[in-house]
Amino acid sequence: MFKNIDGYVRSTEVVEGEFGLQERTRIPLAMVEKVRNVPGVADVSPDIQAFARIIAKDGKPLGSEGNGPPTFGSVGEDFKGALWTIVDGRFPAGPKEVALDEASAKNGKYTVGDTVKVVAQSGSREFTLVGIASYGDVRSPGGATFALFDVETAAEFLGKPGFVDAILVVGDGTRTDEQLADDIDAMFDPSDKVETLTGAEITKETQDDIGQALSFFGIILSTFSYIALGVGSFVIYNVFSISAAQRQRENALLRAVGASRRQISRAMLTESVVVGLVGSVLGMLGGIGLSSALTALLKGLGIDIPSSGLVVTASTVVNTIVIGVIVTVLSAWLPARRAGKVPPLAAMRSTAIEVAQVGRTRTWIGLAAIALGLGVIGAVIGGLGTSWLGLGILFVFGGTIVLGPVIAPPVGRFLGTPAAKLRGITGVMARQNSVRNPKRTARTASPVLIGVALVTAVSALAASIKGQVNDIFTEQFKGDFAINFQSSGFGGLSPSLADGLNRIEGVESATGIGTLLVRIDGQGRLLTVITPSTIEGNYDIGLVGARYSDLDASGIFLSKDWSERNDKPVGSTIKVTLADASERTLTVRGLYENDDVAGNRVVSREMFAGANVQSFDFGVYVKKTADADAGEVRAALQKAVDDYGQGKLLSKQEYIDEQAGSVNQLLGLIYGLLLLSVVIAIVGIIITLLLSVFERQREIGLLRAVGMTKGQVRTTVRWESVITSLFGAVMGIVLGVGLGWTIVFALRDQGLTSFQVPVGTTVFIMVMSFVVGVLAAIYPAWRATKVNVLESLVTT
């Protein structure tokens, strides 16, 4: 973004909030000429990066609300260091002109000369499109939208007249960037509180900010990559168990001619190194190909990315290969160890046999792990820090997996009962085969168990959150309509929208609720902003012994809990610093109980009137008059919202449903990532069934010889697969419900108090587990029907 910039002048005053929120004090526009006159400066340009939403010709706003690419308003002018290049028309000049990025002009169906509506902090306004610009070599950076104005219009429309975010500087080459920055800083008095960064410094800072903003997404991806590795390790373990079983006679023969146990084990571990190396390289190449395909897909969707190329660091390559090899070797260690213990007499066997006995040691270890995990979870419920919760859950998961072979026979027989009754002898055989080797059944079902447990736990948490959100808004939202906007900390609805709605016939009151970022005791904090004169009857924050009219420009309401924790009773004062570095001393005018949406602090919009800060509403709530027709009022409100350009008009119940459903986006992402474990589980079931078919070649041949049809063979294998899949699903659902309840209970101090079982999700999981079992059995069942009857009966 700052490729051609040598210096970046900005204020040193900044308020940094949670989750990457940040607001820096704007600097006076008059400083631009002062910087221009510094020796070594070739050109300067004021810079503003603020919220602005372009409305397409069809009346729909461009860009995505919430977590999509941002929608910017900025300055567009001739400048030696500018990345913006006019491809049609010219840069704007005057309060009625605008230029758009090339992608936005295309998506909005605009051409030069059209009238364009843009929404910003000042409200909604129409401009004449005089230019279309490209950003370097792309039509729009990262899918963001840009509305470009001249400096004066940008300052007035996007922020405050006479102020800009920063000053971009291009040097004449007579000084290094560091020297130029020092010379610019020397021109300012320390009381001006400005600093000059070099182009390299602001570029690195921007990259770090982007990395921090994406860190949460990176954590999610890393977490699920570890889950995928864990699930995949079961499949790898089964693969090498298959290999060891298939080569029992071969290994026994090697033992008979002098090979040691260590040599047999070492040979299999060497094989695992090669498999891990090849698999890791192929996986890495697949990931790179997937990234390239995703880039192409984004470009196809109109989201251009600067052509700096795909970056694959050396650490990425090394970590991928090393982790892949280590996981493969560790997964193959036990099968390799068992392969080395094959006695020479095993060379006389005609079939592959895998030890299936379950010892008491396994039972005690599994029970001990579960007990330890439950103890840690109980301690967390009793007051131990929630950071211990993950350890307790890990022990419970581990203990359950260790106990899998113990649990598999009774559960498998129970789940196989319908198959035995519905499919006769083939169902009985499928049920018996599914519990013939409990270890293998448990290992095969473990990937299903892990995936289902996580999905169930997340679904239970989501259902609980939805239920609580529904209860909160049902109790606190008292109006008839709401205008919603998913801002996620950037932009929102202009406070002027609520003012306009109050003038509509049939509207008793319309009130906007927003946020304001300030500094309290050195920490960035969000204040909830209301209009005391209009909030009555629209929203209830549960005032205790106070009225909304008590909240004046020098006052603040506090949540009752926060007031008690911080010893701030009614009448005490709190000092806050706004983003423009101005200070306010606020007196506590009252307390409230409903802090779920309002947070811990509420102020009046009058508190920061005239300040050089950003403040948007995330929602506007409307109450109609008692005698007004709801349909007519809604039609009038919809027209006002359409004229404004953005926001979604909803009835009370629609709004409550939408707020409760907002968790579905994150839920969809998690479901998508957990799909990987389902795919791995299918592969694991296929491999296990193939081993089962291989081991039972003589048995299958004998059954075919005495009259079993190919269809009956397929049915037997298919139901065996279904029983294994259902076993993993049932165990996963039980674990997932328990895990979900534990998480909800541990988060009770954060306001999550109700737990709900995701009945619909649970039923869906059971149905899908059945489908997974059927699909996984297709190839193994086909292979079973291809067993040569005569060859399988031959003994050696």
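This report covers a surface patch, a helix pair and one glycine in a predicted model.

Local features here need pLDDT of at least 70, side-chain atom pairs count only at pLDDT 80 or more, and totals for chains, interfaces and linings use all residues. Residues are numbered from 1 along each chain as its sequence is written, and side-chain values use heavy atoms, with hydrogens and water left out.

**Surface patch.** A nonpolar patch lies on the surface, and its members include Val 757, Phe 764, Met 768 and Ile 778. Together its residues have about 890 Å² of accessible area (Shrake-Rupley method, 1.4 Å probe; for residues, only the protein chains shown count as cover). Patch residues have over 30% relative accessible area and no salt bridge, and nonpolar side chains are joined within 5 Å. A salt bridge is a side-chain nitrogen of Lys or Arg within 4 Å of a carboxyl oxygen of Asp or Glu. Helix H24 (residues 759-776) gives the largest share, eight residues.

**Two residues.** Buried means under 20% relative accessible area, exposed over 50%, partly exposed in between.

| Residue | Relative accessible area | Class |
|---|---|---|
| Val 763 | 49% | partly exposed |
| Gly 619 | 0% | buried |

Val 763 sits in helix H24. Gly 619 belongs to strand S24 (residues 616-624). Its C-alpha atom is 21 Å from that of Gly 17, 602 residues away along the chain. Helices (at least four residues) and strands (at least two) are DSSP runs.

**Helix pair.** Helix H10 (residues 389-402) packs against helix H23 (residues 710-746) at about 165°, with axes 12 Å apart. H10 is therefore roughly antiparallel to H23 (angles over 145 degrees).

Notes:
Patches are made of residues with over 30% relative accessible area and no salt bridge: like charges are joined within 9 Å, nonpolar side chains (Val, Leu, Ile, Met, Phe, Trp, Tyr) within 5 Å. Buried means under 20% relative accessible area, exposed over 50%, partly exposed in between (1.4 Å probe, protein chains only). Axes are lines fitted to C-alpha atoms, for helices over the stretch in contact, and angles run from 0 to 180 degrees between N-to-C directions. Angles under 35 degrees count as roughly parallel, over 145 as roughly antiparallel, 65 to 115 as roughly perpendicular and the rest as oblique.
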